[in-house]
Amino acid sequence: MTTSRRSLLAGSLAAGLARRLPAASRTDWPALAGEVRAEMAWAWDQYRLHAWGKDEIRPISATVSTFPMKGHHLGLSLIEALDTLWVMGLDNRFQAGVDWVKATLDFDVDGEVSVFETSIRLVGGLLSAHHASGDPVLLAKARDLADRLLPAFATPTGMPMRFVNLKTGAVRDAATNPAEVGGYLPEWGTLSRLTGDPRYHDAARRAVVAVFERRSKIDLLAVRIDAVTGRWLDRRATVGSYADSYYEYLWDALQLLGDAECRRMYDICTAAILAHQQVRRDGRLWIADVDFETGAVVSTEQDELAAFYGGLLAQGGAGATGAAVTQTWATLQDRFGVLPEGFDYATGQPTQRGNALRPELADAAFNLWLLDRNPRWRAIGRGHFLAMRRWNKAAYGYTDLADVTSDPKRQADHCPGYWWSEQMKYYYLLFSDTPRFDYARNYLTTEGNVLLGFRRSVGGRAA
Ligand code: DMJ
């Protein structure tokens, strides 16, 4: 293994930060939760000043960018932030966001969006804000948006096309992937339950089954598939980008909707992944990318998005394996401070030096902590938060990083919408023990939207 001087430096800096932290048992967790809440309030106020109602803030230049529709803002960050503000008791800010949605948000726009990204972020964000407040307008907006996404599912296989025009219903791009095919059931099942209209649930579920039925003889899925023909377009099986949420939502359909058949599909897929994709190297456990028909390893590169997977494994009952996978990613956090987007476990080097302000390791730590309350998961979440505050904070908000190996880490100029919905919420829930959240019975989507577990009757601080 070769280790460059640069990565050694980054490693020693991150290790320095870790060494200065008190043991988990001596950490004042409520105080740390207060620090997370203060950062959320500060970032929201910056967004309000410089980007109100826009999709994403660029926190160095105080400019904005659009996503998921090119050239037209749909209030992405505002919607993604709503239930995080609510669970933190930032009630005045939450209400200001809800008021904006009710007065301004309009999906009747002649423009194209990614069906998957729009669903997990905007449909999910509106549903979780509805769960927090009970406001029927938020549910109506979620339903209106899902109605505009539904034409994408009218394919011969039931797998959705990737893009749809919100006004005309015109669809485009059949070359899709398991995550973008099977990433709807929790949100759309909730929509069906709340509206009494089964179309959302049924379309989402048909798509999930369509992918599963095309699994290989060794029960693995590849990463690209044609929504019209149902043919695979690739051979690589991964738990990272383009596949991650598929596995997550098989389990989640059981957890949220009681769907036993989805659990059966989860068990079959997971058994195959554990049989063919586990690789142990230098005492670490990785889930490698393999050929979906032979199980042969095709790459030693790991995608940061795969860092969520240990939490899912543990939720599904493979606790020790899930813990080992999460510990593996935590060692990279110890080394780099902030995870690189790509890492090669064979060379021990990053393959992509940036970090898109990612939440996956905090997500896994939170899910593991919900299961066993082991303080080591809180400590991983604490390391994630403190490194983020140190390296990703900019003048007008939190930004992604162009290089996690440089000293100081080089900032880019973009805050993705999921930052508002995911890690800030995971940190807060992990540290706060807030009475607004039911820690025993809850459900968070792949985007961190809470669809079950808010306690509306319990008061909180307004700010
Ligand atoms: C989020 O949009 C969701 O977690 C999605 O499932 C994949 N990852 C991004 C954040 O990295």
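**View 1. Val101 and the residues around it.** Beyond its neighbours within four places in sequence, Val101 is in contact (heavy atoms within 4.5 Å) with Leu78, Ile79, Leu82, Leu126, Leu138 and Lys141. This is a predicted model, in which local features need pLDDT of at least 70 and side-chain atom pairs count only at pLDDT 80 or more, while totals for chains, interfaces and linings use all residues. Residues are numbered from 1 along each chain as its sequence is written, and side-chain values use heavy atoms, with hydrogens and water left out. Val101 belongs to helix H4 (residues 91-104); helices (H or I, at least four residues) and strands (E, at least two) are DSSP runs numbered from the N terminus. With a relative accessible area of 0%, Val101 is buried; buried means under 20% relative accessible area, exposed over 50% and partly exposed in between, with a 1.4 Å probe and protein chains only. From C-alpha to C-alpha, Val101 is 8.7 Å from Gly53 in space, although 48 residues separate them in sequence.

View 2. Strand S4 (residues 163-165) is joined to S5 by 2 bridges, and Val164 stands opposite Val171. Look also for Arg172, whose charged end sits over the ring of Phe163 at 4.4 Å from its centre; the criterion is NZ of Lys or CZ of Arg within 6 Å of the ring centre and within 35 degrees of the ring normal.

**View 3. The hairpin of S9 and S10.** Antiparallel strands S9 (residues 278-281) and S10 (residues 284-287) are joined by 4 bridges. Val279 has Trp286 as its bridge partner. There are 2 residues between the strands, and Asp282 takes a positive phi near 50 degrees.

**View 4. An aromatic cluster.** Ring pairs connect Trp42, Trp44, Tyr47, Trp52, Tyr398, Trp419 and Trp420. Rings of Phe, Tyr and Trp (its six-membered ring) pair if their centres lie within 6.5 Å, and planes under 30 degrees apart count as stacked, over 60 as edge-to-face and the rest as tilted. The whole structure holds 29 aromatic pairs. For Tyr47 and Trp52, the ring centres are 6.1 Å apart and the planes are at 65 degrees, so this pair is edge-to-face. Tyr47 is buried at 0% relative accessibility, whereas Trp52 is partly exposed at 26%. The charged end of Lys393 sits over the ring of Trp42, 4.4 Å from its centre.

**View 5. Trp86 and Phe454.** These two rings form a tilted pair, with centres 4.7 Å apart and planes at 50 degrees. Trp86 lies in helix H3 (residues 76-87) and Phe454 in the segment after strand S21 (450-452), so the pair ties together parts 368 residues apart in sequence. Trp86 is buried, with a relative accessible area of 7%, and Phe454 is buried at 9% relative accessibility.

How values were computed:
Pairing = 2+ DSSP bridges.
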